Amino acid sequence: MTASPSAPAIVWFRQDLRLADNPALHAALKSGRPILPVYILDNITPGEWKMGAASHWWLHHSLEALAKSLKAIGLPLILKRGESGSVMNTLVKESGAGAVYWNRCYEPYATVRDATIKENLRADDIAAESYNASLLVEPWEVENAQGNHFKVFTPFWRRAVEQLLEREMKTFPYPTKANAPATLPTSDVLDEWKLLPTQPNWAEGFAHWTPGEKGAEQALLAFTDSAIRYYRVERDFPAQESTSRLSPHLHFGEISPRLIWKHVYHQLDAERIKPADAQKFLSEVGWREFSYSLLYHFPALPQKPFQEKFAAFPWEKNDKALLAWQRGMTGYPIVDAGMRELWQTGWMHNRVRMIVASFLTKHLLLPWQEGAKWFWDTLLDADLANNSASWQWVAGSGADAAPYFRIFNPILQGEKFDEKGEYIRRFVPELKNMPKEYIHAPWKAPEWILKQAKVVIGKDYPAPIVNHEMARDRALEAYKNIK
DNA sequence: TGAAATGTTGGGGCG
DNA sequence: ACGCCCCAACATTTC
C-alpha cells in the first residue's frame with residue numbers, strides 16, 4: 001500500500017537539533033506533507049557508547065530549546081524512548097506517516113542502524129531519505145589520487161578545502177511556518193527522562209552554557225566578531241577565553257558547519273578578519289572533518305589502535321592512578337586543573353586536554369581507551385569521532401598522530417601556557433596562594449613558601465603520584481616494545 | 001600541537 | 001697578546 005500525499009512526514013531529529021540549515025526538515029517542508037518532528041532517546045543501539053551524563057544534561061536543555069523553536073513555527077516535538085528501529089516502526093504505524101527524513105549520523109552503530117531502518121521503511125513503500133547536516137564534506141568524498149582516504153591531516157584538509165571552494169555551499173533558510181498533522185502520537189514528558197542530575201547536582205558549574213540553536217548562534221557571532229582575531233596566538237592559553245566554545249553546539253548539531261564556514265568567509269570578505277586567522281580557525285573545524293573521515297573508514301577507531309603495532313603496547317592497569325587522574329589529584333597542578341575544569345564545567349581547554357591525555361597515557365601508562373571513556377561521560381561535547389581520533393592522536397597510535405616519544409612535561413607546559421598560574425588557581429583553589437614561581441611544581445617549593453601559601457604537600461594538595469623523570473624514562477622504555 | 005641530550009660557537013676571565 | 005677553560009646561547013639530534 002502506498003501512503004497518500006497527505007500522509008505526514010516524520011522528521012527524525014538526532015544530532016541536528018536546529019531549524020536553520022536543516023536539510024531533513026527542508027525536505028519535509030518541500031514534500032508538502034504535514035510534519036511530525038520526533039526525537040528518540042536511544043540508549044540501546046549505541047552499546048558502550050550510549051550518551052554520557054554530561055551529554056544528557058545538554059540534551060535535556062537542547063531538546064527544550066528545540067521544542068520551543070518548533071512550536072514557534074507551528075510544530076510539536078514528539079519524544080520517544082527505546083530502540084530506534086522499533087520506536088520508528090511504531091511511530092510510522094501510529095501516525096500513518098508516508099515519509100521519514102533525517103540527517104546522517106556517522107557513528108558505526110548509527111550507520112548500520114539507519115541503513116536497516118531505511119531499508120525497512122522503503123520495503124513498506126514509505127519514503128525514507130537521509131541528508132548531510134553535520135559535515136562540510138562527506139567522509140567518503142575526500143580521497144587521494146589513489147582513491148584512498150587520507151591518513152594525514154594536511155593533505156586531507158587541503159583537498160577538502162579545494163572541493164569546498166569548487167562548489168557552491170548550499171544552506172537552507174530558517175523555516176517560518178509549517179503544518180502539523182491533525183492528530184499526534186503521544187509524547188514522553190522530557191522531565192520524566194530524568195536527564196538532569198538531582199542529588200548531588202554536579203551540573204551547577206554548567207550554568208554558563210546556553211544549549212540550543214540560539215545559544216550556538218550567539219557563540220558563533222561573539223567569536224567571529226572579535227576573539228577569532230586573537231585565536232591563532234591566544235588559543236593555547238587556558239586562562240584566556242579565546243576559543244570558540246562551539247564544540248558542544250557542533251556535536252548536537254545546533255549549528256551547521258556550513259553556516260560557520262559561510263560566516264567566517266563573510267567576515268573575511270568584509271575584511272573584518274585576516275585570512276590567516278580565518279584559516280587557522282577553519283582548520284580546527286577541519287580536524288573534526290578529518291576525525292569523521294577516520295571513524296567512517298576505520299569503524300574500530302573507538303576501541304582499537306589505528307596503528308596496528310600499538311596493539312602490543314604494554315599498557316598498565318592501575319585503578320588507583322586512574323582515579324587520581326579522574327579526580328584531579330595527581331599532584332601536577334596543570335593536570336589537576338584540567339581534570340577539575342572538566343568535572344566542574346563539562347569542558348576542558350584544548351591545550352590542557354593534550355596535557356592530561358599525555359599524562360594518562362605516558363606518565364601513568366594507562367590505556368587511552370580509559371581516558372576516552374572518562375571524557376565520554378564528563379564532556380558536554382563528547383563526540384565519538386573527535387574523542388576517539390584525538391585520544392589516539394595523543395597516545396601516538398592514531399592517524400597523523402603525535403609521535404609516542406613526544407611526552408609533555410607537565411611542569412614546563414604549565415610554565416609556558418599558564419605562566420602566572422591563573423588557570424591553576426581557578427580550578428585548584430588549594431594552591432591559590434602559591435607564588436607563580438612554584439605553582440607548577442609546588443613540592444619543590446621551600447618550606448617557608450609552602451607555609452606562607454598554607455599548603456602542606458600530601459595533605460592540602462597531593463604529592464606527585466609519579467616522578468616526571470622516572471615516568472618519562474619508563475614510557476620510552478615501554479615504547480621500545482613495539483618499535 | 002615537545003623535551004632532553006648532545007653538539008657547536010663565541011665571548012670573557014685569567015694565567 | 002695568546003691560549004685555555006668555562007659556559008651561556010643557540011643548533012642539531014635523539015627519544
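Here is a walk from the overall picture to the details.

This is a predicted model, where local features need pLDDT of at least 70, side-chain atom pairs count only at pLDDT 80 or more, and totals for chains, interfaces and linings use all residues. Residues are numbered from 1 along each chain as its sequence is written, while chains are lettered from A and ligands numbered from 1 in the order in which they are written.

**Colour by confidence.** Start with pLDDT, the predictor's confidence in each residue, from 0 to 100. Chain A has a mean of 97, with 99% of its residues at 70 or more. Strand 1 (residues 9–13) scores highest at 99, and helix 6 (residues 213–234) lowest at a mean of 95. Helices here (H or I, at least four residues) and strands (E, at least two) are DSSP runs, numbered from the N terminus.

**Colour by domain.** Next, select 9–133 for domain 1, 135–172 + 213–297 for domain 2 and 308–480 for domain 3 of chain A; these bounds come from an automatic or database domain assignment. The centres of domain 1 and domain 2, taken over C-alpha atoms, are 25 Å apart. Their contact uses 17 residues from domain 1 and 19 residues from domain 2, where contact means C-beta atoms, placed from the backbone, within 7 Å. On the domain 1 side, helix 1 (23–31) and helix 2 (53–72) are the elements giving two or more residues. Helix 2 has the largest share, four residues.

Now pick out the five strands of the open sheet, ordered 3-2-1-4-5 with parallel pairing; strands pair if DSSP finds at least two bridges between them. Which strands stand at the edges? Strand 3 (78–81) and strand 5 (127–131) do, each with a single partner strand, so one side of each has no neighbour in the sheet. The twist averages 25° from one strand to the next. Angles run from 0 to 180 degrees between N-to-C directions, with axes fitted to C-alpha atoms, for helices over the stretch in contact. Zoom in where four bridges join strand 2 (residues 35–41) to strand 3: V38 has I78 as its bridge partner in strand 3.

Go to D125, in the loop between helix 4 and strand 5. D125 isn't a glycine, yet its phi is positive, about 65°. Then select Q199 and P200, joined by a cis peptide bond with omega about -5°. P200 lies in the loop between helix 5 (153–166) and helix 6.

**Finish at the DNA.** Select DNA strand B, surrounded by W287, M354, A402, F405, R406, I407, F408, N409, L412 and Q413. A residue is near the strand if its C-beta atom, placed from the backbone, lies within 6 Å of it.

How values were computed: Contact = placed C-beta atoms within 7 Å.
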